[in-house]
Amino acid sequence: MDFLAPSEPKVVNELEKPWKVLIVDDDPDVHEVTRIAVSGTKFENRPFRLLHALSAHEAKEIIREHDDIAVALVDVVMESDTAGLGLVSWLRDDIGNRFTRLILRTGQPGYAPQTDVIMKFDIDGYAEKAELSRTKLITAIVTALRGYKLVMSLETNRRKLKELNDHFAEIVQQNALSEFASAVLEHFTALIGKPIDCLLCGFETLPEYVGADKANIRVLSARGAHEDKVDLPLDVISSSEIRQTVHQCIETQEVCTGSDGVALPLVTRNGMSGALFMGTSYEDLEETVGSEVVQLFMSNAALGYEKTGLLEHIRNLAYVDRLTGLSTFSGFLEAYYRNTLTASKLLVVHADIQRFRVIVDGIGDEKASGVLKKTGHRLSRTFPDALSIARKEKDEFLILLKGGEDEDIHDVVARIERAFQEPIRLDDTQLMLRPRLGFAPSSGPSDTAELVASQASIALNDVRQNANMSHAVFNPQMQEAAFERLRLASLLTGGEDQTEFSVHYQPIMSAKDESIASFEALMRFRTPGGAFLNTARMIDAAETSGLITEIGAWMFRTSFAEFSEMDGVGDHVTLNVNLSPRQVHAKRIYKDIEDAANNASLPISRLVFEVTEGLFLSNDQVTLDLLHWLRNRGAKVVIDDFGTGYSSLAYLRKLPVDGIKIDRSFIMSMDQDQDALAVVKSVIAVAQALDLKVTAEGVENAAQRQIMQDLNCTQLQGYFYSKPLNTTDLSSFISKAVGPGVAYG
């Protein structure tokens with residue numbers, strides 16, 4: 001039968017890995033006949049590779065060398081009557097090989113093994129050599145190969161299930177979604193046993209909070225060709241086939257195949273659907289991993305995805321601001337502590353939006369929320385290098401940057417100014433925003449996040465107190481001033497040490513004839529022991545603490561009532577009352593003024609309201625509405641401390657005001673300083689051209705009085721005439737002022 005043997009050995013394709021079949025027989029002819037019989041035979045497109053042993057001893061050596069022998073045809077009787085059975089016992093019991101399928105052959109029927117031996121050693125077949133024709137031999141081998149394939153599949157599943165069991169805890173113990181997604185890909189590719197392009201896609205939080213649409217599906221983790229797409233929307237994947245397959249898988253929650261691979265669904269109970277895309281076919285996964293293992297892995301991964309998604313959602317509630325998508329203050333603190341490990345110096349920027357409350361009143365809460373959201377986006381674009389950007393509360397934002405030197409601060413200010421040169425557009429509304437900034441650099445690793453953030457807040461408050469500033473850098477004096485404001489504010493809130501309020505009045509004289517034209521009502525604060533407190537500092541404390549509105553209402557009631565009862569004061573004499581920015585923006589101010597005037601039976605037309613230039617800086621509608629309301633009722637409005645703020649002379653004609661009060665710093669030095677005198681002359685000239693009354697504050701001597709009279713100033717106020725007086729002393733002043741031949745000075 002030599003003619004049946006091929007003349008040259010066939011080259012086996014590496015993709016067609018041969019089945020290894022071991023022939024164990026002490027008769028060389030049996031080896032040759034078996035070789036010829038199975039020559040050219042394939043099972044599942046894989047050829048046979050025969051291994052030959054002439055004894056049980058040789059067989060053991062071959063088995064030790066090859067751990068993937070599929071079938072062994074073993075002669076029962078060789079060097080001894082039980083040599084074959086001894087080899088089988090060694091294979092199964094001694095080395096624990098439960099996979100190689102065994103076919104026993106014998107040429108001596110009397111040496112057939114007993115049934116219990118066949119059962120014990122998991123033997124697949126037994127036949128006499130004379131019975132094994134070529135067809136029966138091939139049939140026996142193929143049947144054994146099917147058995148081998150089955151047990152190996154079961155073993156593969158068992159091994160992979162063990163791997164799943166070992167790795168599942170590692171997957172589900174991840175608390176961050178990114179770490180979970182990375183672990184899923186790592187362990188699934190380990191099951192496959194080779195590198196493969198893959199990506200895990202899904203939502204970063206519960207769909208009810210981000211909307212279950214395609215735009216919110218992101219690449220949570222990736223390997224291979226898509227590694228650079230992690231944390232980006234799925235739509236950045238260049239392959240439309242992959243995008244479509246993943247979208248379809250998430251929408252249908254079923255396995256979806258495409259030309260580029262297969263998408264396996266992550267189905268959860270809370271709607272956080274996801275998809276694991278593998279750059280291979282499902283058939284290949286079944287072949288290499290097994291369908292049952294794939295399904296079990298995806299079930300476990302879905303549980304992990306659900307659990308991690310819930311944790312991520314809880315984390316987002318704590319660390320992500322739902323309105324803007326920026327960090328919360330808690331997230332900001334965490335970022336600060338995380339970066340102290342790598343950055344030697346950090347810079348905290350605390351920003352807010354000037355007159356944001358006015359914006360809310362003007363456009364409503366819903367649109368104002370849109371303004372905050374767009375502001376957050378603009379800050380994110382402006383500071384891509386930020387370590388964290390957080391919304392602290394309302395219109396307040398925190399920015400964490402590396403650095404803290406002067407040039408870093410100047411750079412931040414410049415970037416903010418450029419960023420907000422363009423208006424915020426919201427539907428048909430355009431708003432120009434003016435951010436205010438407070439800076440606090442860390443001085444070392446010992447500085448806590450809370451401390452540096454507090455220092456930035458103190459710097460921002462300093463900006464709020466000074467209308468001439470747009471930004472400030474923290475210094476210890478600011479903190480001392482803040483503590484002092486807090487201490488003084490505590491004196492306004494009640495208790496045994498509550499501060500006593502009173503009103504003093506400073507006369508304002510007509511420059512023409514030096515008769516009484518008005519009185520300016522001024523708050524005074526006194527301790528229970530009788531000591532007067534610094535008025536400016538107490539007003540500042542009241543402003544900061546929010547008590548100014550209540551104190552202002554008291555001031556209206558008291559001053560209006562006392563003024564209406566003053567003897568010897570003609571109806572032409574008016575009362576000047578100061579308005580603070582917080583009062584102007586309080587909705588109750590209309591009622592406070594009307595109630596106080598009605599209770600005192602005082603016509604509003606006898607009132608003059610003094611406001612600072614800073615109130616007009618933002619040109620907000622709330623301020624303008626109040627001033628128009630006052631003037632429509634006959635009251636007058638004047639700008640106090642004119643010349644120290646932003647208002648230009650040309651801007652005066654646009655404002656709803658009736659006069660100005662030149663700041664005392666110019667008046668007190670004009671008889672000594674020609675520059676100050678030039679400023680005073682210019683202000684009076686422009687005011688007269690605009691038909692505005694001019695009051696000179698700080699007149700302290702006759703020379704200053706004469707200068708102002710020569711310049712046709714309207715009214716004069718200062719110590720030359722009188723200091724602020726209580727009601728008792730004021731009565732004496734009034735009686736003298738209206739008498740004949742009064743001389744001042």
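The legends below describe close-up views of a predicted model.

**View A. Aromatic pairing of F329 and F332 in helix 11.** Eleven aromatic pairs are found in the structure, and one of them joins F329 and F332, whose rings are stacked with 6.5 Å from centre to centre and 10° between the planes. Both residues belong to helix 11 (residues 329-339), where they are three residues apart, or about one turn of the helix. An α-helix has 3.6 residues a turn, so residues three or four places apart point the same way. F329 is partly exposed, its relative accessible area being 26%, whereas F332 is buried, with a relative accessible area of 0%.

**View B. The edge-to-face pair of Y336 and Y337.** The rings of Y336 and Y337 form an aromatic pair that is edge-to-face, with 6.0 Å centre to centre and 85° between the planes. Y336 counts as buried at 1% relative accessibility, while Y337 is partly exposed, with a relative accessible area of 37%.

View C. Elsewhere, W19, F43 and Y148 form one aromatic cluster.

**View D. Packing of helix 2 against helix 3.** Helix 2 (residues 56-65) and helix 3 (residues 83-94) pack with their axes 10 Å apart and at an angle of about 25°. Because angles under 35 degrees count as roughly parallel, helix 2 is described as roughly parallel to helix 3. The crossing of helix 2 and helix 3 is right-handed. On the side of helix 2 the contact is made by A56, A59, K60, I63 and R64, and on the side of helix 3 by A83, L87, W90 and L91.

**View E. Helix 12 and the elements that cover its buried residues.** In helix 12 (residues 356-363) the buried residues are F356, V358, I359 and V360. These buried residues are covered by elements that include strand 12 (346-353) and strand 16 (429-431), together with helix 13 (365-382) and helix 21 (621-632). Just after helix 12, G364 takes a positive phi of about 95°.

Conventions:
Residues are numbered from 1 along each chain as its sequence is written. This is a predicted model: local features need pLDDT of at least 70, side-chain atom pairs count only at pLDDT 80 or more; totals for chains, interfaces and linings use all residues. Side-chain values use heavy atoms; hydrogens and water are left out. Rings of Phe, Tyr and Trp (its six-membered ring) pair if their centres lie within 6.5 Å; planes under 30 degrees apart count as stacked, over 60 as edge-to-face and the rest as tilted. Helices (H or I, at least four residues) and strands (E, at least two) are DSSP runs, numbered from the N terminus. Buried means under 20% relative accessible area, exposed over 50%, partly exposed in between (1.4 Å probe, protein chains only). Axes are lines fitted to C-alpha atoms, for helices over the stretch in contact, and angles run from 0 to 180 degrees between N-to-C directions. Angles under 35 degrees count as roughly parallel, over 145 as roughly antiparallel, 65 to 115 as roughly perpendicular and the rest as oblique. A crossing is left-handed if the near helix is turned anticlockwise from the far one by less than a right angle, and right-handed if clockwise. Contact means heavy atoms within 4.5 Å.
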